[in-house]
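Biologist: I have a structure to go through today. Could we look at it together?
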Amino acid sequence: SSFKAGENIAKRLISEDSKVLILFSDGLNTNGENLLNGIRNIDKNIVVAGGLAGDYGKFHHTYVFVNQEIRSNSSVAVVLDGKNLKVHTEYNFNWRPVGKAMKITKAIDNRVYTIDNIPAVEIYKKYLGSDIAEELPKVGIEFPLIIQKNGINIARAVLAKHSDNSLTFAGNLNENEIVRIGVGDRKSVV
(Lines give C-alpha, C1' and ligand atoms only; values in the text may rest on other atoms or scores of the structure.)
Protein backbone atom coordinates (compact mmCIF):
# COMPACT_ATOMS: atom_id res chain seq x y z
CA SER A 1 0.00 0.00 0.00
CA SER A 2 1.07 3.59 -0.51
CA PHE A 3 0.77 4.25 3.25
CA LYS A 4 3.10 1.34 4.10
CA ALA A 5 5.53 2.44 1.38
CA GLY A 6 5.66 5.91 2.97
CA GLU A 7 6.32 4.42 6.40
CA ASN A 8 9.08 2.18 5.01
CA ILE A 9 10.77 5.08 3.21
CA ALA A 10 10.68 7.21 6.36
CA LYS A 11 11.98 4.43 8.61
CA ARG A 12 14.88 3.69 6.25
CA LEU A 13 15.97 7.24 5.53
CA ILE A 14 15.00 9.71 8.24
CA SER A 15 17.43 10.32 11.10
CA GLU A 16 17.58 12.84 13.94
CA ASP A 17 19.31 15.44 11.72
CA SER A 18 17.07 14.96 8.67
CA LYS A 19 15.47 18.15 7.40
CA VAL A 20 14.12 17.36 3.91
CA LEU A 21 12.94 14.21 2.15
CA ILE A 22 12.87 14.48 -1.65
CA LEU A 23 10.60 11.83 -3.12
CA PHE A 24 9.44 10.80 -6.57
CA SER A 25 6.98 7.97 -7.06
CA ASP A 26 5.10 6.08 -9.76
CA GLY A 27 2.23 8.29 -10.89
CA LEU A 28 -0.28 5.61 -11.82
CA ASN A 29 -0.22 3.17 -8.91
CA THR A 30 0.61 5.49 -6.01
CA ASN A 31 -1.93 7.25 -3.83
CA GLY A 32 0.08 10.40 -3.14
CA GLU A 33 -1.84 11.37 -0.03
CA ASN A 34 -1.50 7.93 1.54
CA LEU A 35 2.24 7.92 0.74
CA LEU A 36 2.65 11.28 2.53
CA ASN A 37 0.51 10.10 5.44
CA GLY A 38 2.78 7.07 5.85
CA ILE A 39 5.85 9.35 6.01
CA ARG A 40 4.12 11.67 8.48
CA ASN A 41 3.15 8.69 10.64
CA ILE A 42 6.88 8.21 11.27
CA ASP A 43 8.00 11.88 11.29
CA LYS A 44 5.52 14.75 11.37
CA ASN A 45 8.20 17.45 11.04
CA ILE A 46 10.14 16.37 7.96
CA VAL A 47 9.67 18.65 4.94
CA VAL A 48 8.72 16.61 1.86
CA ALA A 49 9.32 17.72 -1.73
CA GLY A 50 8.90 15.90 -5.02
CA GLY A 51 5.94 14.49 -6.88
CA LEU A 52 4.34 11.73 -8.88
CA ALA A 53 5.84 10.69 -12.25
CA GLY A 54 3.83 11.21 -15.42
CA ASP A 55 3.94 9.99 -19.01
CA TYR A 56 2.66 13.05 -20.93
CA GLY A 57 -0.97 12.14 -20.33
CA LYS A 58 -0.85 8.67 -21.91
CA PHE A 59 -1.55 6.87 -18.60
CA HIS A 60 0.29 3.70 -19.66
CA HIS A 61 3.57 3.57 -17.70
CA THR A 62 5.44 5.89 -15.38
CA TYR A 63 9.01 5.46 -14.20
CA VAL A 64 11.44 6.66 -11.58
CA PHE A 65 15.18 6.13 -11.68
CA VAL A 66 18.10 5.91 -9.30
CA ASN A 67 21.71 5.66 -10.43
CA GLN A 68 21.61 3.45 -13.54
CA GLU A 69 18.32 1.69 -12.75
CA ILE A 70 14.88 2.57 -14.17
CA ARG A 71 11.85 1.24 -12.29
CA SER A 72 8.07 1.25 -12.64
CA ASN A 73 5.63 0.93 -9.73
CA SER A 74 8.34 2.24 -7.39
CA SER A 75 9.48 5.24 -5.41
CA VAL A 76 12.88 6.85 -5.06
CA ALA A 77 13.83 9.17 -2.22
CA VAL A 78 16.79 10.97 -0.68
CA VAL A 79 17.10 12.82 2.60
CA LEU A 80 19.12 15.96 3.28
CA ASP A 81 20.64 15.86 6.76
CA GLY A 82 22.55 18.42 8.79
CA LYS A 83 22.34 20.01 12.22
CA ASN A 84 22.93 23.45 10.68
CA LEU A 85 20.83 22.93 7.57
CA LYS A 86 18.02 25.49 7.32
CA VAL A 87 14.92 24.70 5.26
CA HIS A 88 12.48 27.20 3.80
CA THR A 89 9.28 26.09 2.08
CA GLU A 90 7.21 27.91 -0.50
CA TYR A 91 3.76 27.24 -1.87
CA ASN A 92 2.56 28.32 -5.31
CA PHE A 93 -0.93 27.33 -6.39
CA ASN A 94 -1.59 27.86 -10.09
CA TRP A 95 -5.23 26.73 -10.11
CA ARG A 96 -8.33 28.84 -9.67
CA PRO A 97 -11.54 27.23 -8.41
CA VAL A 98 -14.48 28.08 -10.66
CA GLY A 99 -18.17 27.31 -10.74
CA LYS A 100 -20.42 25.73 -8.20
CA ALA A 101 -19.23 24.27 -4.91
CA MET A 102 -20.18 20.57 -4.88
CA LYS A 103 -20.17 17.79 -2.30
CA ILE A 104 -18.42 14.43 -2.68
CA THR A 105 -21.31 12.03 -2.03
CA LYS A 106 -19.60 8.66 -2.60
CA ALA A 107 -15.86 7.98 -2.48
CA ILE A 108 -13.38 5.39 -1.29
CA ASP A 109 -9.88 6.80 -0.78
CA ASN A 110 -8.90 8.41 -4.09
CA ARG A 111 -11.73 6.92 -6.15
CA VAL A 112 -14.78 9.18 -6.45
CA TYR A 113 -18.05 7.61 -7.53
CA THR A 114 -20.49 10.49 -7.16
CA ILE A 115 -20.43 14.25 -6.64
CA ASP A 116 -23.76 15.83 -5.66
CA ASN A 117 -25.20 12.31 -6.22
CA ILE A 118 -24.17 12.44 -9.91
CA PRO A 119 -21.49 10.08 -11.33
CA ALA A 120 -18.11 11.84 -11.28
CA VAL A 121 -17.61 11.65 -15.07
CA GLU A 122 -21.07 13.16 -15.58
CA ILE A 123 -20.07 16.17 -13.43
CA TYR A 124 -17.21 16.88 -15.82
CA LYS A 125 -19.58 16.40 -18.76
CA LYS A 126 -22.21 18.71 -17.25
CA TYR A 127 -19.86 21.59 -16.42
CA LEU A 128 -17.06 21.23 -18.99
CA GLY A 129 -18.76 19.43 -21.89
CA SER A 130 -18.73 16.01 -23.53
CA ASP A 131 -15.38 16.57 -25.24
CA ILE A 132 -13.59 17.11 -21.93
CA ALA A 133 -15.37 14.18 -20.23
CA GLU A 134 -14.43 11.88 -23.11
CA GLU A 135 -10.77 12.93 -22.89
CA LEU A 136 -10.48 12.07 -19.18
CA PRO A 137 -8.03 11.17 -17.70
CA LYS A 138 -5.80 12.70 -20.39
CA VAL A 139 -7.01 16.25 -19.57
CA GLY A 140 -7.42 15.58 -15.84
CA ILE A 141 -4.39 17.67 -14.91
CA GLU A 142 -5.96 20.64 -16.72
CA PHE A 143 -9.19 20.48 -14.69
CA PRO A 144 -8.47 19.11 -11.21
CA LEU A 145 -10.95 19.09 -8.37
CA ILE A 146 -9.97 21.59 -5.69
CA ILE A 147 -10.54 21.05 -1.99
CA GLN A 148 -9.55 23.20 0.92
CA LYS A 149 -7.77 21.72 3.95
CA ASN A 150 -6.60 23.86 6.85
CA GLY A 151 -7.19 26.99 4.76
CA ILE A 152 -5.01 25.76 1.88
CA ASN A 153 -6.31 24.92 -1.60
CA ILE A 154 -5.26 21.48 -2.83
CA ALA A 155 -5.74 20.24 -6.39
CA ARG A 156 -6.54 16.59 -7.17
CA ALA A 157 -5.87 15.60 -10.79
CA VAL A 158 -7.77 12.76 -12.48
CA LEU A 159 -5.58 9.67 -13.00
CA ALA A 160 -8.11 7.14 -14.29
CA LYS A 161 -11.65 6.91 -15.64
CA HIS A 162 -13.62 3.73 -14.94
CA SER A 163 -16.47 2.02 -16.78
CA ASP A 164 -18.88 2.84 -13.93
CA ASN A 165 -18.24 6.59 -14.51
CA SER A 166 -16.15 6.91 -11.37
CA LEU A 167 -12.76 8.64 -11.39
CA THR A 168 -9.49 7.95 -9.59
CA PHE A 169 -7.59 11.04 -8.42
CA ALA A 170 -3.96 11.67 -7.43
CA GLY A 171 -4.98 11.96 -3.76
CA ASN A 172 -7.88 11.14 -1.50
CA LEU A 173 -11.22 12.89 -1.67
CA ASN A 174 -13.53 12.12 1.21
CA GLU A 175 -17.30 11.93 1.36
CA ASN A 176 -18.90 15.23 2.37
CA GLU A 177 -15.86 17.28 1.31
CA ILE A 178 -16.68 20.33 -0.78
CA VAL A 179 -14.94 20.55 -4.17
CA ARG A 180 -14.87 22.89 -7.12
CA ILE A 181 -13.46 22.36 -10.59
CA GLY A 182 -10.11 24.07 -11.12
CA VAL A 183 -8.71 25.84 -14.16
CA GLY A 184 -5.22 27.14 -14.81
CA ASP A 185 -4.69 30.70 -13.64
CA ARG A 186 -2.44 32.33 -16.26
CA LYS A 187 -1.69 35.30 -14.00
CA SER A 188 -0.10 33.13 -11.29
CA VAL A 189 1.86 30.79 -13.55
CA VAL A 190 5.55 31.68 -13.38
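Biologist: Is lysine 149 buried, partly exposed or exposed?
Modeller: Lysine 149 counts as partly exposed, at 21% relative accessibility. Buried means under 20% relative accessible area, exposed means over 50%, and partly exposed lies in between, with a 1.4 Å probe and protein chains only.

Biologist: What kind of model is this, and how are residues numbered?
Modeller: This is a predicted model, in which local features need pLDDT of at least 70, side-chain atom pairs count only at pLDDT 80 or more, and totals for chains, interfaces and linings use all residues. Residues are numbered from 1 along each chain as its sequence is written, and side-chain values use heavy atoms, with hydrogens and water left out.

Biologist: Which side chain meets lysine 149 in a salt bridge?
Modeller: The partner of lysine 149 is glutamate 33, with 3.2 Å from N to O. A salt bridge is a side-chain nitrogen of Lys or Arg within 4 Å of a carboxyl oxygen of Asp or Glu.

Biologist: Is glutamate 33 buried or exposed?
Modeller: Glutamate 33 counts as buried, because its relative accessibility is 15%.

Biologist: What else does glutamate 33 contact?
Modeller: Leaving aside neighbours within four places in sequence, glutamate 33 is in contact with Lys149, Arg156, Ala170, Gly171 and Asn172. Contact means heavy atoms within 4.5 Å.

Biologist: Which polar contacts does the side chain of glutamate 33 make?
Modeller: The side chain of glutamate 33 has a polar contact of 2.6 Å with the side chain of arginine 156, and it reaches the backbone nitrogen of asparagine 172 at 3.0 Å. A polar contact is a pair of N or O atoms within 3.5 Å; within protein, one must be able to donate a hydrogen and the other to accept it, and residues adjacent in sequence count only if both atoms are side-chain atoms.

Biologist: How many salt bridges are there in the whole structure?
Modeller: A search of the whole structure finds eight. One of them joins aspartate 116 and lysine 100, whose closest N and O atoms are 3.2 Å apart.

Biologist: Where do aspartate 116 and lysine 100 lie?
Modeller: Aspartate 116 lies in the loop between strand E7 (111-115) and strand E8 (118-119), and lysine 100 in strand E6 (residues 95-108), so the pair ties together parts that are 16 residues apart in sequence. Aspartate 116 is partly exposed at 25% relative accessibility, and lysine 100 is partly exposed at 44%.

Biologist: Changing topic, which residue lies over the face of tyrosine 113?
Modeller: Lysine 106 does, at 4.9 Å from the ring centre. A charge sits over a ring if NZ of Lys or CZ of Arg is within 6 Å of the ring centre and within 35 degrees of the ring normal.

Biologist: And glycine 51, where is that?
Modeller: Glycine 51 is in strand E2 (residues 47-52) and is partly exposed, with a relative accessible area of 30%. Not counting residues up to four places away in sequence, glycine 51 touches Leu23, Phe24 and Ser25.

Note on methods: Helices (H or I, at least four residues) and strands (E, at least two) are DSSP runs, numbered from the N terminus.
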